[in-house]
Number of protein chains: 4
Amino acid sequence: MSTLDAVRAEVAELHRELTRYDLVVWTAGNVSARVPGEELFVIKPSGVSYDELSPEAMVVCDLDGNLVEGTRAPSSDTAAHAYVYRHLPEVGGVVHTHSTYATAWAARREPIPCVLTMIADEFGGDIPVGPFALIGDDSIGRGIVETLRDSRSPAVLMANHGPFTIGRDARAAVKAAVMVEDVARTVHLSRQLAEPVAMSSADIDALYDRYQNVYGQQALATSGDTL
Amino acid sequence: MSTLDAVRAEVAELHRELTRYDLVVWTAGNVSARVPGEELFVIKPSGVSYDELSPEAMVVCDLDGNLVEGTRAPSSDTAAHAYVYRHLPEVGGVVHTHSTYATAWAARREPIPCVLTMIADEFGGDIPVGPFALIGDDSIGRGIVETLRDSRSPAVLMANHGPFTIGRDARAAVKAAVMVEDVARTVHLSRQLAEPVAMSSADIDALYDRYQNVYGQQALATSGDTL
Amino acid sequence: MSTLDAVRAEVAELHRELTRYDLVVWTAGNVSARVPGEELFVIKPSGVSYDELSPEAMVVCDLDGNLVEGTRAPSSDTAAHAYVYRHLPEVGGVVHTHSTYATAWAARREPIPCVLTMIADEFGGDIPVGPFALIGDDSIGRGIVETLRDSRSPAVLMANHGPFTIGRDARAAVKAAVMVEDVARTVHLSRQLAEPVAMSSADIDALYDRYQNVYGQQALATSGDTL
Amino acid sequence: MSTLDAVRAEVAELHRELTRYDLVVWTAGNVSARVPGEELFVIKPSGVSYDELSPEAMVVCDLDGNLVEGTRAPSSDTAAHAYVYRHLPEVGGVVHTHSTYATAWAARREPIPCVLTMIADEFGGDIPVGPFALIGDDSIGRGIVETLRDSRSPAVLMANHGPFTIGRDARAAVKAAVMVEDVARTVHLSRQLAEPVAMSSADIDALYDRYQNVYGQQALATSGDTL
């Protein structure tokens, strides 16, 4: 199997995690992956049901978001994915969903506060909000990059829109999409009855450093399976 | 396969989307589709489990809601579907559910405010509330038509009852039913903690116009798969 | 197949609806059915996983709740089911769950107000709360019967405990268990943001009468599939 | 099958209950079981998907948490499990999740009040909160043991982290993990609209004693299937 075929297969397969964790309805979410060693990425076609996402259905774009290979139009979010790949060379995967709880925070333009050990582990602090941006030019991609460039968080809540996540590879970006919804839900629920207890910056740093480094030494980090 | 058989098969198949997205319990929801070129529509029979919805089980009605073909009584909501087909000729599909979050807004007779890009894309503004109407005559159908006739929204929240959605075809109406529940849930949750940030009318118009037109040019809009 | 075997098969099968609609966790819910023409009923055995509920695993009790046939102990709620069958001869099925939203109302000892057409159709008014009762004697059964004897509702929320439902047959009781959770959830959510709009007694009566009678004339009512 | 192989098979199998009841996302939860008659326990490996949890994938540790058998690193929570087995000899199983509602209470460091008969039955009173503890030494294990040693509850909500549960065997600990999430959710929802009605200490004691003893006499208690 060529590298490109392997990436197609991985991207097709990873979309199943979006439905498994109820992060998407209808066709409203997408995963992409950079093709190693090429100026290309693989992304979901637009308007195709998650039941029909075979490796062959995936499309290939260049880093300006132009369709290079495939019979369907690429996802309508392709420009945002492409912008991220152009500006963040360490990123190997991007995911976008409208998952319910994360989007509920995004509609209020409110960061998710770091009040759980799992948030400290995975996001290293509060999960930030990005700007309001209309689709159709580079606004969304620029908002993602400007928010995440200097953040520990692999997730950004785009205002009134929904979460985008990044990772060293597509699997890590999918993991971040799963985790951001999970903690968005838990903190939402917790705050419904009263304010959660804050964690200190020192504790957050200790948890984040241990989580990223201990697991990193085991060479598992790129798989995103570090819990 | 005749046109009528194709419509039966499509309507049977589309009911699976209602259960997949948890829009219905027991037998409490239904999909119908106009038969192209005929004064007929296909609808779910009354009181049949979603496990047993084969194409053959579907029933055919004329536009007054009279049973034309089939061995079971048509859905108890048939009169409402028929009224819509008689008065809105561009409508090819109608869906009714009691999906939880949309019905929760309906019980308060409160429109869902357009505070998400997805709402602007799909509904073009707030999702409106229809009048309170008893079953048994044309009241429900009239309420749907009067509310949606001059609206961009393909969904109406009938007071103390639940959502009805329309579309150019049945698949588009099902998509609207899925989407109205999804945004009803997200905005509900967002408002539990504080008021979501409003979007400007200009931004809503820009999103709606782009979404409807760009995708329309790709001739995908009738499939409802435009995200 | 003997009548008794048919009832065993039906009771086994109906437990799948409890898991399908997420009304139960672990082994915490049960269905029973009166055996037509006998002073017997069939009920789930105690402490058996819903994965293992074959017809053969069901147990048979007399109307005092004594085990008549079967190798496992009957459900720990058997005394309550037996009391209902002894005192309400028109009842052919009983269901008990701790479904989440219905139990949340029960913990506040608060009736579910009739603010949805679906509640008027199925329950004919508010869904009542029963007394607080300890397990171990006839208290629970008595509380169910005293609450439901003069009510249109087939469901009672036992205080700090959970819902019990009754029906002309077991399928109708299961339907009521599904519906009480569905409307408990919808009204709960609706009230989180503001008070739902009340319906008039006249409208509730009109909906209830039509629903029970129109469908009754179609001889469908005993199946519980009247929506 | 050797005892050790049987324990491996049971631990592998029990992880399916965590996904069935939506207690875990990605790889974020684990079950362990003490090996009868040995100073060993079996636990989930770190960072392995729940789809791949075969008996062979399970790893074996001694009671200091050192890996004794297996090709993968043990769960990152192994030290906490080991501490529990060293200090509570009657414990045969330990489970850790970040289940949503239980974790929401943990983020507020608030015990779950005993306002349901199910809580009285299973937990014998309020479900307690443990201290805030960083991963990396014995802090978490010590917090679990100090909180549960003198409690009737088999579950503790570790502050800002999530629930840990214990049982006479692994199945009982899994049951407690399922039940703590179920009651955390129900009480959470109930309190959203108003304060649930309290139960008296005498009623709680009566329910707990009956539940533990009646079922205990039937020798079912170790299976955890006592509802």
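The model is predicted: local features need pLDDT of at least 70, side-chain atom pairs count only at pLDDT 80 or more, and totals for chains, interfaces and linings use all residues. Residues are numbered from 1 along each chain as its sequence is written, chains are lettered from A and ligands numbered from 1 in the order in which they are written, and side-chain values use heavy atoms, with hydrogens and water left out.

**Interface of chain D and chain C**

- The two chains bury about 2900 Å² between them, 62% of it on carbon and sulfur atoms. Buried area is the accessible area (1.4 Å probe) that two parts lose on being put together, summed over both.
- One salt bridge is found across this interface. The term covers a side-chain nitrogen of Lys or Arg within 4 Å of a carboxyl oxygen of Asp or Glu.
- The partners are Arg20(D) and Asp51(C), with their closest N and O atoms 2.6 Å apart.
- Side chains of opposite charge can pair when their charged atoms come close.
- Polar contacts between chain D and chain C number 10 residue pairs, both residues at pLDDT 80 or more. A polar contact is a pair of N or O atoms within 3.5 Å; within protein, one must be able to donate a hydrogen and the other to accept it, and residues adjacent in sequence count only if both atoms are side-chain atoms.
- Helices (H or I, at least four residues) and strands (E, at least two) are DSSP runs, numbered from the N terminus.
- Ala, Val, Leu, Ile, Met, Phe, Trp, Tyr, Cys and Pro count as nonpolar, Asp, Glu, Lys and Arg as charged, and the others, Gly among them, as polar.

**Interface of chain B and chain C**

- Here 29 residues of chain B and 35 residues of chain C take part in the contact.
- The buried area is about 2900 Å², and carbon and sulfur atoms give 62% of it.
- Val25(B), Trp26(B) and Arg108(B) supply 27% of the area that chain B buries against chain C, more than any other three residues.
- The rule finds one salt bridge across this interface. Asp51(B) pairs with Arg20(C), the closest N and O atoms being 2.6 Å apart.
- Chain B and chain C have 10 residue pairs in polar contact, both at pLDDT 80 or more.
- Two elements of chain B give two or more residues to the side that touches chain C: α3 (100-108) and α6 (170-193).
- The largest share of that side, seven residues, comes from α3(B).
- The side of chain B that touches chain C holds 12 nonpolar, 12 polar and five charged residues.

**Relation of chain D to chain C**

- Two copies of a chain are related by a rotation about an axis and a shift along it.
- Chain D superposes on chain C by a rotation of 90 degrees with 0.0 Å of shift along its axis (RMSD 0.0 Å). This is the relation of a four-fold axis. Copies are superposed by least squares on the C-alpha atoms of residues with pLDDT of at least 70 in both.
- Gln192(D) has the C-alpha nearest the axis in chain D, 5.2 Å from it.
- The copies use different surfaces: 3% of the contact residues of chain D recur in chain C.

**Sheets**

- In chain C, eight strands form an open sheet of mixed pairing, in the order β4-β3-β2-β1-β5-β8-β7-β6. Two strands pair if DSSP finds at least two bridges between them.
- β4 (67-69) and β6 (129-130) of chain C are the edge strands, each pairing on one side only.
- Strands β5 (residues 93-97) and β8 (residues 162-167) of chain C run antiparallel and are joined by four bridges. His96(C) stands opposite Phe164(C) in β8(C).
- Chain D has an open sheet of eight strands, ordered β4-β3-β2-β1-β5-β8-β7-β6, with mixed pairing.
- In chain D, five bridges join the antiparallel strands β1 (residues 29-34) and β5 (residues 93-97). Ala33(D) stands opposite Gly93(D) in β5(D).

**Salt bridges in the whole structure**

- A search over all chains finds 48 salt bridges.
- One joins the side chains of Glu122(A) and Lys175(A) (3.1 Å, N to O). This pair links distant parts of the chain, 53 residues apart: Glu122(A) lies in helix α4 (residues 117-123) and Lys175(A) in helix α6 (residues 170-193) of chain A.

Note on methods:
Contact = heavy atoms within 4.5 Å.
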